[in-house]
Amino acid sequence: MDMASYNCLHKQEITKGEFAIVPIRYEDRLAIMKWRNEQMYHLRQEKILTENDQEAYFQNIILPSYKEKTPAQILFSFLQNEKCIGYGGLVHINWQSNQAEVSFIMATELEADNFETNWVTFLHLLEKVAFNDLYLTSLFTYAYDLRPHLYKAIENAGFQQSKRLEKEQLVDGKLVDVVIHTKKNPLKLREATKNDVDLTFQWASDTNIRKYSFQQEAITQEMHHAWYNSKINDPDCLYLLLENDKEVIGSIRYDINKENEALISYLIDFKYHGHGYGNAILSLSWRVVTEKHPRLKQLVGFVLPENIASRKIFERQGYLLDSSDQKKLKYIKQL
């Protein structure tokens, strides 16, 4: 079987030193089956798996998921020096709320001495997929309260306990608690306010950014202030800012017309160009605008032909090129 790849991912292999995660490999299926059967006590698995069960699972569940745009799960083989020592990934993915549960088990013989190291390493690798490629808003773990040492590992990876469900699960005839830990994507969106007017003017005045604008003329601060205030007070305009834990990274604006079409305009602070934030702001914001304006029929973005980076971003986000001329390209996403 050829090396697998997920259509929904843009980077298939994530590495950290001698460790890596790759789309779950067919060759690892029997080792994974063995580990699952040995560790049923903490898994949501009701019976011993057979080789036929595992083969059917790969053929009927895993293989189709490689091609799906929004699969219910994305699983990886966890490698150390190219040898599979565990597996896991994102399961129960909710593409509407942009959340997913983390699943992971390692080779049983490694649990005694390498439990925390492997858990933390795997989580760091998986976060790069979840937060930097898929732009999920949060991850969570769902664990039976049977392995207290697990909490130290996931908390060391930046997860925080968010909920305890008392006597939630029956295990070997005894009701046990379920403990949920959560970690949020450091990237987040918020609505623009009057306090952001000077920052947005700096961006609008930056020649590195303005060269890709359809309006090339220089603007004054007074002109920008008037325009900006009209936008943040317009009920048919959704003006959002993307920020991390330290500062604001960029902005995106959706102007909605009478045909229930939203025209997109976005920009990223020049010092953050080339870091994937264009993908992030489009991916995170379209769900916000569709929730606030459920009658929207389509999203539209216009791009200068020479703006190759922005063209690739729209294409990556599933926008289709509708028409083109010498001055602008039109990208459309039907809702």
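**Close-up views of a predicted model**

View 1. Asp28 sits in the loop that links strand S2 (19–23) and helix H1 (29–38); helices (H or I, at least four residues) and strands (E, at least two) are DSSP runs, numbered from the N terminus. This is a predicted model, in which local features need pLDDT of at least 70, side-chain atom pairs count only at pLDDT 80 or more, and totals for chains, interfaces and linings use all residues. Residues are numbered from 1 along each chain as its sequence is written, and side-chain values use heavy atoms, with hydrogens and water left out. Asp28 counts as buried because its relative accessibility is 5%, where buried means under 20% relative accessible area (1.4 Å probe, protein chains only). Apart from neighbours within four places in sequence, Asp28 is in contact with Ser77 and Cys84; contact means heavy atoms within 4.5 Å.

**View 2. Asp28 and Val248.** These two residues are 220 residues apart along the chain. Their C-alpha atoms are separated by 43 Å.

**View 3. Strand S13 beside strand S12.** Five of the six residues of S13 (residues 298–303) are buried, so this strand is largely enclosed by the rest of the structure. S13 pairs with S12 (residues 261–268) in the parallel sense, over four bridges; two strands pair if DSSP finds at least two bridges between them. Gly301 in S13 is the bridge partner of Ile264.

**View 4. Strand S13 beside strand S15.** S13 and S15 (residues 329–334) run antiparallel and are joined by six bridges. Here Gly301 has Tyr331 of S15 as its bridge partner.

Definitions and conventions
Buried means under 20% relative accessible area, exposed over 50%, partly exposed in between (1.4 Å probe, protein chains only).
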